[in-house]
Amino acid sequence: MDHELASVTTRLELAALLRVVHLRADHPSLRELEIRTRNAPVRLSRSTTSDMLAGRRFPRKAVLLVFLGQCGISGTAPWERAWERVATTEGPPANTDVQAVRQQCAGLLEAARRQADEIVADARRQAEAIVAAARENRSSYESAPPAEATKDPVSVRRSIAEIRRQNPLVYATPAALGNTFGKSREYHRQGCRRTENVKLTAVTLSEARVKGLRRCPECRPDGAPAQHAEHGGVEPERS
């Protein structure tokens, strides 16, 4: 097998020779190899041995030598030279690859943490700016006098009087509000004789027009009894 080892240059070629050695050693199971090396400095786990024999992973030199010893190979110098040739083309052993991947993952994780910290800090700054702007707007609003307070008191009273004049209250019976037909289509001025024992409800002139109510023929706007009635009622006064 020495001349075959001299031509080994790839991981797959080395794995093929290792399978031959494993077969010549009566094909011990991977579990048996793991139990044999449980207390040894280098332990042959089932996954490590399986990857090495299948050529999926380039083994460490110590793993290779322990495997050869368990398979009854004593002269390991040709195997070591073959391992060194493969190492120059296949790259670092498997455990070095794992360490490099771990370092790369740690670097990526640290970069992600820094980016997350920056995002949180930026969001906090934006929230503080929004709160500060809201407080500033509130303080300026509270310091400014209301629009009504800046008006002349006389003009305010005139505005209120105009609103009241345009929308005076009249008094209608509940039956008049619920029934817009026949004699119930009427409303009364406060003080009308016909409403002495009737509970009145205050409505506006606009509401009376919507309901189709007419003024009581027995009262006038000043509350005094009317002398005559026209057509069974009088239309609501327009402001």
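The crossing of helices α5 and α6 is right-handed, a crossing being right-handed if the near helix is turned clockwise from the far one by less than a right angle, and left-handed if anticlockwise. The structure is a predicted model, in which local features need pLDDT of at least 70 and side-chain atom pairs count only at pLDDT 80 or more, whereas totals for chains, interfaces and linings use all residues. Residues are numbered from 1 along each chain as its sequence is written, and side-chain values use heavy atoms, with hydrogens and water left out.

The axes of α5 and α6 (residues 77-90) come within 11 Å and cross at roughly 150 degrees; axes are lines fitted to C-alpha atoms, for helices over the stretch in contact, and angles run from 0 to 180 degrees between N-to-C directions. The two helices α5 and α6 are therefore roughly antiparallel, given that angles over 145 degrees count as roughly antiparallel, under 35 as roughly parallel, 65 to 115 as roughly perpendicular and the rest as oblique. On the α5 side the contact (heavy atoms within 4.5 Å) involves Lys61, Leu64, Leu65 and Leu68, and on the α6 side Trp79, Glu80, Trp83 and Glu84. Five of the residues in this contact of α5 with α6 are nonpolar, three are charged and none is polar. In this scheme Ala, Val, Leu, Ile, Met, Phe, Trp, Tyr, Cys and Pro count as nonpolar, Asp, Glu, Lys and Arg as charged, and the others, Gly among them, as polar.

Helix α5 (residues 61-70) also packs against helix α4 (residues 46-54), at an angle of about 90 degrees and with the axes 12 Å apart. Helices α4 and α5 are therefore roughly perpendicular to each other. Thr48, Thr49, Met52 and Leu53 of α4 meet Val63, Leu64 and Phe67 of α5. The contact of α4 with α5 comprises five nonpolar and two polar residues, with no charged ones.

The protein has ten helices and two strands, assigned as DSSP runs (helices H or I, at least four residues; strands E, at least two) and numbered from the N terminus. Strands β1 and β2 (residues 201-204) run antiparallel and are joined by four bridges, where pairing requires at least two DSSP bridges. Buried denotes under 20% relative accessible area, exposed over 50%, and partly exposed in between (1.4 Å probe, protein chains only). Of the 239 residues, 24% count as buried.
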